Amino acid sequence: MARDPDTIQREIEQARDALAVTLDELGTRASPQRFVESGKESVRAKLDEPKVRYSLIAVAVLIGFALLRKLFR
């Protein structure tokens, strides 16, 4: 059974619009800037944990102490 050309045209336009929306969403998801922001957020979240924060402070103090000791020796 033959279909109406106007119906076919509408279906093509709907499919094109759906593909455009899908491509836009994929472009947003695969954005390098989004990956950078996500990485920054995860690093900040990790550094906000007390166990990690205090460990880094302790390491920095030890390095500072070692440098001062080496300078004044």
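User: What are the ground rules for the numbering and the values?

Analyst: The model is predicted; local features need pLDDT of at least 70, side-chain atom pairs count only at pLDDT 80 or more, and totals for chains, interfaces and linings use all residues. Residues are numbered from 1 along each chain as its sequence is written, and side-chain values use heavy atoms, with hydrogens and water left out.

User: How many helices and strands does the protein have?

Analyst: Helices (H or I, at least four residues) and strands (E, at least two) are DSSP runs, numbered from the N terminus. Here there are three helices and zero strands. Along the sequence the pattern reads α-α-α. Helix α1 covers residues 5-29. Helix α3 covers residues 50-71.

User: What is the radius of gyration, and what would a compact globule have?

Analyst: The radius is taken over C-alpha atoms; the globule rule is 2.2 Å times the number of residues to the power 0.38. A compact globule of 73 residues would come out near 11 Å, but this protein has 29 Å. The C-alpha trace spans about 95 × 25 × 15 Å along its principal axes. For a distance within the chain, take Gln9 and Arg29: 20 residues apart in sequence, 30 Å apart in space, C-alpha to C-alpha.

User: What share of the residues is buried?

Analyst: Buried means under 20% relative accessible area, exposed over 50%, partly exposed in between (1.4 Å probe, protein chains only). Buried residues make up 0% of the 73. Areas come from the Shrake-Rupley method with a 1.4 Å probe; for residues, only the protein chains shown count as cover. The protein exposes about 6,900 Å², and carbon and sulfur atoms supply 64% of that.

User: How many salt bridges are there?

Analyst: Side chains of opposite charge can pair when their charged atoms come close. The cut-off: a side-chain nitrogen of Lys or Arg within 4 Å of a carboxyl oxygen of Asp or Glu. The whole structure holds five salt bridges. Among them is Arg3 with Glu11, at 3.0 Å, N to O. Another joins Asp48 and Arg53 at 3.7 Å. Glu25 and Arg29 meet in one at 2.7 Å.

User: Where do Glu25 and Arg29 lie?

Analyst: Both are in helix α1, four residues apart, about one turn of the helix.

User: What else does Arg29 touch?

Analyst: Contact means heavy atoms within 4.5 Å. Leaving aside neighbours within four places in sequence, Arg29 is in contact with Arg34 and Phe35.

User: Which residues form a nonpolar patch on the surface?

Analyst: Patches take residues with over 30% relative accessible area and no salt bridge; like charges are joined within 9 Å, nonpolar side chains (Val, Leu, Ile, Met, Phe, Trp, Tyr) within 5 Å. Here the patch is Val43, Leu47 and Leu56, with about 250 Å² of accessible area together. Leu56 sits in helix α3. Leu56 is partly exposed because its relative accessibility is 47%.
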